[in-house]
Structure formats: structure tokens, C-alpha cells
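This text leads you through a few elements of one chain. Have the sequence and the 3D view open as you read.

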Amino acid sequence: DPQQLELATSGKRKLRRFIVIDEVVDELYGSKVREYFEENNVQHKILALPTTEETKSMDLVLNILQEVQNFSIDRRTEPIIAIGGGVCLDIVGLAASLYRRRTPYIRVPTTLLSYVDASVGAKNGVNFLQCKNKLGGYTPPVASFLDRSFIQSIPRRHISNGLGEILKMALMKHKGLFDLLKRHGKYLLDTKFQSYSGSADHGDAALQTTRIAIETMLEELAPNLWEDDLDRLVDFGHLISPELEMRVLPSLMHGEAVNIDMAFMTYVAHTRGLITTEEKEQIIQCMRGLELPVWHGGCSWSLIKRALMERLKHSGGQPRMPLPTGLGVAEIFNDTTEETLERAYKLWVRD
């Protein structure tokens, strides 16, 4: 809006920003963030909060909204800025969508998982009654700012965690991405997704991998942003993992729980004859190469049955089970029998 731009740049009115930052990110980058706003003469309030799966609740949303109200923002021209991992982006997105019915917000992901997953799409939410993301909505951000330099300070396990969601897109939609992960997985973990000149053997694997992951995610999400169509390939790895993740909290991270789900579903696909033994082995080996767990003791047969029953409730009475039908190709199935699932489970546990 030219008028708003004129107002913002004319100096007649001081720019103001309300920022929510994860407290761990604040320790690492808070001084740089404050310096940035001060240098640009922006009046700002920075709220540092513990944003974890355990604190991802309406209480934290209301805490943020109380502070927003005290700061007093103009919902047309002063977007709320969220700087943190996926949980932080989810919580702030929900808070912004509720404040005066809808206040614009900006996502700044600081973990690999949020970089390739939470930064894309319209969803936000919080946990409720021990259920993952039970309360939420669809309010896209006005922008997502992607900066891989944040990723260099996160622990190796968190990089691996993000690789779980990248692998999901590779298995569902992109053989080239799968090959990249197989070839460069260890290098990406070692270099924490930073780009270095002089690494000729690897090209710019970090840029290629993240770009393809985001593009394939957008390709899948954009035509179905509000999830009117419940047949979604991006649900691969998300049939059993919500139940598992909440059950064993905080021992599994999101991408790890997703990968355990994907490992089991790879066995289901193999048991159904959709993929060969060699393809199944390639997938499991790639997971191990990315240092992702391929099994967890908490993922019992009874938990799987319960999770799939829950799935039926929320997907129109059909399981809508995405399964690989090769490397980088997939389909959605509604006809997997309990006998097939149990056979796959026994093989998975045995291996």
C-alpha cells in the first residue's frame, strides 16, 4: 500500500514491532535482534518465552496476547514477529489470528524442522488435553524469512530431526531429493546445513536439499491450503506419530516420531507388495544414515491401533494412508487390512 509505505518511510511515525522469540534463541541471537531494531530506529518489545511441546498451550497464547495488548499494536501495519522453532511459530500464529480477529504475523524459523516445515503453509495451533495441535486454525503469515545461518547453532540431533520431514517429502514426491539425502546426509549433518565454497564433491547440497524440500511441500500444500481435500501425501509419517510423540514426551522430537511412523509404514508398503525388499532396505538405510530412529519401544501394536482409530475420526471415516509405491512416488490407500498391518508390525519389530 503506497500510503502505508509513505507513512512508514516518511519518519512521521515511528515504526513499532512486537517480537516473540524462543528463550534459547534469545540467548544466542537476542543481542543481534535488539541491535537490528535499535539501528533501524524501531520501537520494539521483545518477549522471550520457553516454547516447547510441553508449554505449547492456550495459557502461553493468552500470556502473549496480554503482552500484545499492553504494547498496543496497529493490526493493519504492525505485524507480530515470531522467531524460533516450529512450536514458537505455531503458538504465535494462533495468538496473532485471535488478536482482534486477525493480526498479521511474520515467521522467522530458527531450526531445520521449522525452516522446511512450519515456515510453509497456513496452519497454527497448540496442544490440548494431551492431544497434539487439537486447538488451532488456518492463518498464513504475511511472510516467512528463511536464514540458514540460524541452523549452525542447533545441536546435531535437531538437524537430524529436521531431516525427518525432508525425507518425508523425498519419499512421497521426489526421487532426486532422496538421492541427495542418501549421498550427502552425513555431510549435511556435519556442516549443519551451511554453504561452503570449496566443497566441490557436495556442490551446494544444503541449498539444493532445502530448496527442493520447500518447493515440493508448497506444491503439495498450495492447492489445498485449508485441507478441504483430506487425501494428503504430506500426512505420511503423521498417522501414528502424534499419538506416539505425546505418549513418550519429551523423549522423542517431532521429526524423530515422524520417522518412526514412516519406518513402520515402509514395512506396511513392503508387506503389501508396493515396494521391493531392496527399496525397503534403501529407505531404512537412508534413515539410519540421517541418524534418525527407525523403531521405538513405545510404539506398541495397541498404540498403532488406537492411533489409526483416531485417524478415522478426523479423516472422514477413511484411513487415507499415504504409502510409498517406489522411491519418490506414493499413493493414498484406504484398503490396508488389519492382518497386513499386524504382519508388517511383526516384521518391523523382528528387524
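The crossing of α6 and α10 is left-handed, that is, the near helix is turned anticlockwise from the far one by less than a right angle. Helices here are DSSP runs of H or I with at least four residues, strands are runs of E with at least two, and both are numbered from the N terminus. This is a predicted model, in which local features need pLDDT of at least 70 and side-chain atom pairs count only at pLDDT 80 or more, while totals for chains, interfaces and linings use all residues. Residues are numbered from 1 along each chain as its sequence is written, and side-chain values use heavy atoms, leaving out hydrogens and water.

Helix α6 covers residues 156-173, and its axis lies 7 Å from that of α10 at an angle of about 40 degrees. Such axes are lines fitted to C-alpha atoms over the stretch in contact, with angles from 0 to 180 degrees between N-to-C directions. The angle makes α6 oblique to α10, since under 35 degrees counts as roughly parallel, over 145 as roughly antiparallel, 65 to 115 as roughly perpendicular and the rest as oblique. Residues in the contact (heavy atoms within 4.5 Å) include Arg157 and Leu171 of α6 and His254 and Met262 of α10.

Helix α10 spans residues 254-271 and holds Thr271. Is Thr271 buried or exposed? Thr271 is buried, at 16% relative accessible area; buried means under 20%, exposed over 50%, and partly exposed in between, with a 1.4 Å probe and protein chains only. Leaving aside residues up to four places away in sequence, Thr271 touches Thr340, Arg343, Ala344 and Leu347.
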